[in-house]
Amino acid sequence: MDGDLIAVQDLRVSFASDAGIARVLDGVQCAIRPGEIRGLVGESGCGKTTLARAILGILPPNAARIDSGRVTFGGRNLLDLPEARLAAEVRGREIAYIPQDPSTAFNPVFTIGTQIADLMRWKSPLARTANPPTGRARREADHARVVAMLRQVQLPNPEALLRKYPHEVSGGQRQRLMIAMALLPEPKLVIADEPTTALDVTVQAQILKLLKGLAREHNVAVLFTTHDLGAAYEICDRITVMYAGQEVEEAPVAEFFNRPSHPYTRKLLDSLPSAETGLRGIPGEIPRLIDPPPGCRFNPRCERASAVCLAQRPPPEQAGPGHVVRCHHRLTDAEA
Amino acid sequence: MSAAPILEVRDLRKYFPVRNLWKRRIGWLRALDDVSFTVQPGEILGIVGESGCGKSTLGKTLMGIHTATAGEVMFQGQDIARLRPHESRGLRQHLQYCYQDPGASLDPRWTIRASLHEPLIVHTALKEPEREARVREILAAVGLPETHLDLYPHEISGGQQRRVGLARILTLKPSVVILDEPTSGLDVSVQAVILKLFLSLQEQFGLTYLFVSHDLSVVRMICDRVAVMYLGRVVEIGETSRIFATPRHPYTQSLLAAIPRIGGARVTDTFSLEGEPPSPTNLPSGCRFRTRCPRAQALCAQQDPALRADWPGQAAACHFAE
Ligand SMILES: Nc1ncnc2c1ncn2[C@@H]1O[C@H](COP(=O)(O)OP(=O)(O)OP(=O)(O)O)[C@@H](O)[C@H]1O
Ligand SMILES: Nc1ncnc2c1ncn2[C@@H]1O[C@H](COP(=O)(O)OP(=O)(O)OP(=O)(O)O)[C@@H](O)[C@H]1O
Ligand SMILES: [Mg+2]
Ligand SMILES: [Mg+2]
């Protein structure tokens with residue numbers, strides 16, 4: 001659509017390993033509007049991080065291959081953009097990334113302050129202004145921004161923190177540092193891969209508020225990967241559900257929780273821990289992506305599956321305003 | 001009231017030096033400041049609290065990864081707080097710590113098989129075929145296919161790495177397991193499977209767990225008791241149902257108020273906790289929560305409140321808790 005900030009079309013990515021070729025993304029469609037907060041949910045291994053990395057052009061070069069697809073952003077196809085331009089113009093600038101595993105994101109031999117100063121040298125919003133200050137004035141201006149941002153993500157005593165090494169801060173502090181570093185360059189899209197998993201609920205509430213504020217006031221879009229459906233409920237406008245490399249449902253947040261249309265979404269919601277239902281997983285296993293089930297990849301675990309589910313992947317169908325589902329036997333309102 | 005505790009922690013301290021630009025020590029960061037609690041055999045004790053309050057430090061100090069600054073850790077009748085890791089290896093085989101960052105605990109150059117064999121090589125005299133059998137048994141228990149044995153950590157997803165981390169410590173069949181955020185990063189469905197696995201292993205092997213987690217709905221479901229920490233201190237401890245029904249400490253109260261409730265009012269619209277958390281290198285006088293506490297009074301700046309066991313099955317460190 002014209003109003004989209006980013007549109008992923010028919011994206012196919014495979015990984016080569018000794019065991020064979022794994023088809024990790026199988027024709028993924030996903031479009032996000034400016035200022036939208038989009039949740040991305042689905043079982044572990046369904047390809048959420050791979051989608052993020054494909055958009056950013058940071059798939060592992062030897063193991064991964066993009067077989068087809070487009071990622072349209074700012075009028076160009078990011079998949080065609082040369083690496084040098086992606087690195088200079090897009091990554092960490094227009095599109096920021098908060099990676100899933102904060103332990104790998106820092107270099108252990110430099111202090112946190114050194115690493116953030118380095119980031120600001122290249123990616124500070126000041127570098128993009130008409131007459132940027134230089135030398136010491138620039139460094140001081142950038143430093144002030146850094147300190148203010150660390151306060152915004154609720155990190156106490158920013159000056160002392162900047163002198164620390166990565167192993168000297170707690171898991172949640174590292175995660176907030178990652179968030180601060182992603183936001184400092186003032187991106188248009190933030191891809192946040194489980195940004196609040198290591199945070200207690202009080203800090204999580206502040207971080208979610210911060211993301212929501214960025215979206216509402218500065219029109220920043222967020223692709224928010226999470227396993228925490230409560231956090232998704234808090235801030236998302238819409239939610240995309242993925243299963244084994246295919247997107248199966250996309251719905252406005254209220255519809256997602258109240259009127260899910262795909263049987264997998266229903267089961268995902270049913271596995272939320274609660275005192276009444278106890279611990280309920282989804283029976284069966286995630287399929288191996290080396291020889292995935294044909295058609296709808298959820299068919300082996302779905303009690304509604306019929307011959308057509310094995311024959312072809314269901315096409316996208318409208319289930320309501322802004323609500324798209326891919327299922328041959330979607331739930332009726334009564335069943336949802 | 002009950003059997004002898006399996007683990008007894010008394011006034012445990014862990015201070016880290018704080019250094020200036022020239023690496024001179026200019027103070028101490030009190031990551032653990034007089035933490036005391038006991039754990040009964042077969043119990044699941046939840047440990048919750050603000051990020052950075054010292055939960056991982058507690059786990060690592062119990063394990064001997066960090067040496068305690070002061071205090072005692074009684075495990076199987078011995079004080080292990082001051083033992084160096086090599087002195088306590090035999091004991092600590094029965095006390096295992098499962099790391100928070102799954103990526104950090106797996107060696108990127110090793111296959112999953114090598115990572116799973118390693119603890120058995122270090123701690124047991126098992127021969128290779130027996131080790132392989134044990135590894136396969138545990139791998140199946142955590143729900144990973146055997147084909148994963150030949151993969152490297154970067155070839156599997158974050159949630160799968162976490163299961164490998166779990167498998168790694170379970171191979172040693174420990175008696176007390178410290179689980180540092182064992183389900184963060186797992187989807188709800190896998191999480192349910194893993195939690196059921198913990199419960200069944202607990203029954204099968206009589207395990208005791210220290211369960212560090214930010215996920216309060218999980219803590220509520222599986223823990224017998226909960227300890228709430230704030231800046232290096234236990235501020236409230238007690239039976240899970242009581243803590244959730246009648247939290248006494250104002251910090252516990254704000255923690256429970258910040259849990260998102262699907263379908264309810266959004267916490268991001270309603271919740272607020274005043275101020276920034278104070279720096280652990282520069283703690284406020286008296287009660288360390290007072291700078292953010294809605295009920296703080298003059299007394300709170302003068303006197304550090306001790307844990308008061310004034311309620312059945314529940315204790316809180318607050319002058320004004322009722
Ligand atoms: N470098 C790699 N080589 C081979 N396979 C890989 C590689 N990286 C990921 N995969 C596979 O791709 C699939 C998707 O992985 P991905 O990390 O995208 O999942 P995810 O949805 O982010 O999962 P999680 O919720 O656990 O983070 C998994 O089955 C994983 O095993
Ligand atoms: N090796 C270290 N050297 C110096 N300071 C440290 C070290 N490890 C931890 N700290 C500090 O000790 C405090 C407690 O850290 P810890 O990792 O125990 O927190 P945590 O409760 O596990 O937090 P999270 O929920 O974020 O994982 C933090 O302020 C942290 O910065
Ligand atoms: Mg991931
Ligand atoms: Mg921790």
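A polar contact is a pair of N or O atoms within 3.5 Å; within protein, one of the two must be able to donate a hydrogen and the other to accept it. In this predicted model, 12 residue pairs are in polar contact between chain A and chain B, both residues being at pLDDT 80 or more.

Sorted by class, the side of chain A that touches chain B has 20 nonpolar, 22 polar and 15 charged residues.

The contact as a whole draws 57 residues from chain A and 62 residues from chain B. Together the two chains bury about 4,500 Å², with 58% of it on carbon and sulfur atoms. The count of salt bridges between them is 1. This pairs A:Lys212 with B:Asp269, whose closest N and O atoms are 3.3 Å apart.

Within chain A, the axes of helix 6 and helix 7 come within 12 Å and cross at roughly 10°. Because angles under 35 degrees count as roughly parallel, helix 6 of chain A is roughly parallel to helix 7 of chain A. Helix 6 of chain A makes this contact through A:Arg176, A:Ile179 and A:Leu183, and helix 7 of chain A through A:Val203, A:Ile207, A:Leu210 and A:Leu214. By class, the contact between these helices has 6 nonpolar, no polar and 1 charged residues.

Note on methods
Residues numbered from 1 in each chain as written. Chains lettered and ligands numbered in written order. Predicted model: local features only at pLDDT ≥ 70, side-chain atom pairs only at ≥ 80, totals over all residues. Heavy atoms only, no water. Contact = heavy atoms within 4.5 Å. Buried area = accessible area lost by both parts, 1.4 Å probe. Salt bridge = Lys/Arg side-chain N within 4 Å of Asp/Glu carboxyl O. Polar contact = N/O pair within 3.5 Å; in protein donor to acceptor, adjacent residues only side chain to side chain. Nonpolar A, V, L, I, M, F, W, Y, C, P; charged D, E, K, R; others polar. Axes fitted to C-alpha atoms, helices over the stretch in contact; angles between N-to-C directions. Helix = DSSP H or I, 4+ residues; strand = E, 2+ residues; numbered from the N terminus. Parallel < 35°, antiparallel > 145°, perpendicular 65-115°, else oblique.
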